[in-house]
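This briefing covers selected features of a two-chain model, grouped by topic. Please read it with the structure open.

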Amino acid sequence: MINPGFLMIAYLVFGIGCFLANLTARKFVTVVSTMFGLVALVLHGAFLIKRGIEAGHLPFTNTYETLIYMSFFVILLYFLTFWKFRSVVLGGFSGLVASILIALTSLLSSDIEPLLPSLKSNWLLFHVTSTILGYAFFAVAFCSAAAFLVSDFRSNYFQKHTTSPAKISEKLEYLDWLTYRLIAFGFAFLTLGITTGSIWANISWGRYWNWDSKETWAFATWLLYAACLHLKRMNYEPSKTMALLAFFGFFAVMFTYFGVNFWLSSLHAYG
Amino acid sequence: MFRKVGEFFQSIRIANFVLLAIGLVAVFGTLPIDPFLFLKPRAVYTSWFFLSLLGFAILLVSIQIFLGLFAFASPFRKKAESPKPPSLLTKITSQEFPIPFQKIEVLQEKITSFLKSNRFHVSCLLENSMAQFVISKNGVGKWGGFLIHLGFAMAILGGFLTFRLSDIRDVMIPEGEIFTLPREQATIKLEKFTVILHSQEPKPEEYVSRLLVKDRHGNIKNHDLKVNHPVWIGWTKLFQMRYRVNVEEVELIVYQKEKPVEEVSLKPNEKKKLEKFPFVILIDQIVPDFVIGEDGKVTSRSPYFRNPAVAVSLRDESDSTLIKSQSWAFQGRFFHRGEKETEFSFVIQRLRKRYTSGIKLSCDPGAPLAYMGFLFLVIGAFISAFVIPRKLTLSIQPHLTNQTVHIEVYSDRTKDLIGLRREVDRLTKGLGMILKEAL
C-alpha cells in the first residue's frame, strides 16, 4: 500500500499545508500539517525498512533507492529544525523538494537487483549514507535560502508599509543563519562522503581519484559550498549572495546526484 | 607594498575565485563532446593551466596554515586573551539587577561555578567599580578551519605525488599464464578464474582470481583476489577489475539419425573434416546463455555460460561455402521447437573455455599522504560545523545609586549570532536566578 506515488502525494499535501500554515499563521493548521508530515515520515521509514528486508541488502544501492532514501532525510532534517526553531515555512519547501525527488523515481525501474561484486563492501553504508545526508542538508539549506529570497522579495515589494523593518530584519537574519548552519553541516557530511568514496574507489578500482564525472562534479559541488562558507567569513550580516549561492548550489547537487548518471559516462553508473 | 601583497594572498575573494575556477575547469573536463571548441576536455586535468590553479590554491591554503600555526603557537597568545575593550566587541545583551555591587564580590564564586557548569573556562577580574568575567569554551572549534586547509593541501599534494610517481597498470592474464612484478621480484601465476553467479539471478555475485605467488625469497603462497579485496605483494597492490572469456575448443558428438557416430574437436572458426563422412563442419556462432527471444531470434540471456549453445553448419567437403545443414548443438540431446529434423545433429560434449582476468597493479606513493589529508579534511569539517567556539565578556558594573548592577555581555564577532544569543539568554537567566537568590 505504501509506494512512492503515495509518498509523493503525501509530501505534496504536507508542503502545501505548511505554506498555508505560514500564510494564515494559525496554530491549528500548523499542528495538522505537522502531524500529517510526521505520519508520512514514519510510513516512509517503514517503506525503506521493508525494501531493505525484501532486497536482502541496504536499501540504497541504485538511483531509485537513493532518491527515496534522500527524500526521507530531507523531511527528517526539516523536522529536526522544526523541533528546535519552529519554522513552518521550511516545511513547505521541504515537502515540495521531497515530493519532486520521489517523483523522479517514476523514471527508473523499481526492480530489486542483486548487489554487483563492486558494491559488496562495508564502505557502501558509510559512503552512501554520508553523501546522501550531505545532499539532504543542502536540500534543506536550499529551502531556507528560498524562504530568505521570498521573504526579502516580499519585504521589498509588498510588505514595505505593513511589516516593521525590525521584524523583517529579524526573519531574514534567522533564515540567513539557518542557511549557513545547514550548509556547514552538509559540507561536513559531503566531505565525509567524498573521502569515504575515494578510499572505497582505491580499494575497488585501484585509484582513489580518477577524475570520473561523478567524482569531479561532487568535488565541484564541494568547492562551491566551500566558497559559500567563505562568504560568511567575509560578511556576518544576512547576505543575499549567500542565499543565491545556496539556492543555485542545490542544482549543482542535483546534477551531481542525478544528471551525471544520465548524461555523462561514469563508473558510478549504478548509483 | 608587502602589506598589499599579504592582503592579496589572504583575500577570501581571491580564495573563492580560485575555488570556483578549479570547479569550473574540472567540470569542463567531464564534457562528453570531444573535442569541444578545439579543446580536449579530458586532457584538462593534466594541463599546465589546471595544475597551476591547484598549485596556487595550495599556496593560498599554505599561507592560511602558516598564519594559523603562528596564531596558535605565538608566545604572545596569553596577552591576546586578556579582556578586549568593549569597543572591539559586539554587545549581545544588557540587563539590570537590583543588587548592590558589593555583593558581587561575595557572589563571585557562585557566578564562576555557574559559568563553569556551562562548560566555560572562566577568568575573573574584580576591581572597585567593575567585575569582568572573560569566559570561553569550545576552543577546539578554532582548529576546524585550520584542519580543513591542512587536509586540502595534503590531499592535493598527495594527488600530485600520485600523478608524478605512481605506477598503475592494467594487465590481462589468461588462466595458466605467469606474469612478473620486477619491483617486487615476484612471479604470479593465474591458476584459475571463477565467476560465481547468484543462485536466482543471472548476475555475478563475485569474481575470483586464484593466484599462485612466488615472492623474492622463494616462498610460494595462494591468494584469492576478489573485487573490493585487493592483495598486497610487497609494495604493489593488486585489484580485481574485469575479465574476458574465450572459448578455445568445442568437443562435439556427431549423431546420424539419432545414433552417435563420431567425436570431433574443433576451435571456433575452424573448418574440420569429419572422418567418416564427406563433410566439413564449422562453428558459426557460440551463445553462452541460449534463449529464443519474443521476436523469434536467438539471443543470449546473459554473458554467463548457463545454457551454452553452438551453431554448427555441415558443409560440402569440396566446396565449403555450400551449406548442407545448420543446427544448434546443446549440452544435452534435445531439440528446440521449430527446428527441422535433419540427418545429422550435434551435441556439445565439452566446451573448453579460458578466462582472462583483468588485474590492476598499483604502486602509489601519493595514497598515504592523500589519506592523511582526507582524515584532516573530515575532522576539520566536523569540528567547524559542530563545535562553535565561544568567547564572552561579562561586564558587571554598579549602576546609578550603587544599589543596582548593570550586566553587559559582549562577544567577539561570530558567524553563529543566533546560537550565541540563545546561549547568552540561557546564561543571563541563570545569572539572574543566582542574583535574585542573593537578595
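Predicted model: local features only at pLDDT ≥ 70, side-chain atom pairs only at ≥ 80, totals over all residues.

In the residue classes used here, Ala, Val, Leu, Ile, Met, Phe, Trp, Tyr, Cys and Pro count as nonpolar, Asp, Glu, Lys and Arg as charged, and the others, Gly among them, as polar. By that scheme, the lining of the second largest pocket holds 12 nonpolar, seven polar and 11 charged residues.

- The volume of the second largest pocket is about 900 Å³.
- Its lining is made up of 30 residues; nearest the centre of the pocket are A:N22, A:K167, A:E170, A:K171 and A:Y174.
- Two or more lining residues come from each of α1 (4-24), α2, α3, α4 (88-104), α5 (123-157) and α6 (165-205) of chain A, and also from α8 (417-438) of chain B.
- Of these elements, α6(A) supplies the largest share of the lining, with eight residues.

**Helices of chain A**
- Helix α4(A) has 17 residues, and 14 of them are buried, so the helix is described as mostly covered.
- From its first C-alpha to its last, α4(A) reaches 25 Å, close to the 24 Å expected at 1.5 Å a residue.
- Helix α7 (residues 213-234) of chain A has 22 residues, which should span 32 Å at 1.5 Å a residue; the end C-alpha atoms are 32 Å apart, so the two values agree.
- α7(A) is also mostly covered, with 20 of its 22 residues buried.

**A:H57, a loop residue**
- A:H57 sits in the loop that lies between α2 (27-55) and α3 (63-85) of chain A.
- A:H57 counts as buried because its relative accessibility is 12%, and buried means under 20%.
- Apart from neighbours within four places in sequence, the residues in contact with A:H57 are A:G52, A:E65, A:E113 and A:L115.

**B:S113, a helix residue**
- B:S113 belongs to helix α5 (residues 102-117) of chain B.
- Its relative accessible area is 45%, so B:S113 is partly exposed; that class lies between the buried limit of 20% and the exposed limit of 50%.
- The C-alpha atoms of B:S113 and B:A153 are 42 Å apart in space, and the two residues are 40 apart in sequence.

**Strand β3 of chain B and its partners**
- Strand β3 (residues 131-137) of chain B is mostly covered, with six of its seven residues buried.
- Strand β2 (residues 121-126) of chain B runs antiparallel to β3(B), and six bridges join the two. In this pairing, B:V122 has B:I135 of β3(B) as its bridge partner.
- Strand β19 (residues 390-399) of chain B is also antiparallel to β3(B), through seven bridges. Here B:S136 has B:K391 of β19(B) as its bridge partner.

- Strand β5 (residues 178-181) of chain B has two faces: B:F179 and B:L181 form the covered one, and B:I178 and B:T180 the uncovered one.
- Four bridges join β5(B) to strand β6 (residues 186-197) of chain B, and the two strands run antiparallel.
- B:L181, on the covered face, has B:A186 of β6(B) as its bridge partner.
- The hairpin has four residues between the strands, and B:Q185 takes a positive phi near 50 degrees.

Notes: Residues numbered from 1 in each chain as written. Chains lettered and ligands numbered in written order. Heavy atoms only, no water. Buried < 20%, exposed > 50% of the residue type's maximum accessible area, 1.4 Å probe, protein only. Contact = heavy atoms within 4.5 Å. 1 Å grid on protein atoms, 1.4 Å probe; cavity = no way out; pocket = protein on both sides within 12 Å on 5 of 7 lines; lining within 4 Å. Points joined across faces, edges and corners; volume = space filled by probe spheres on them. Expected span 1.5 Å × (residues − 1). Pairing = 2+ DSSP bridges.
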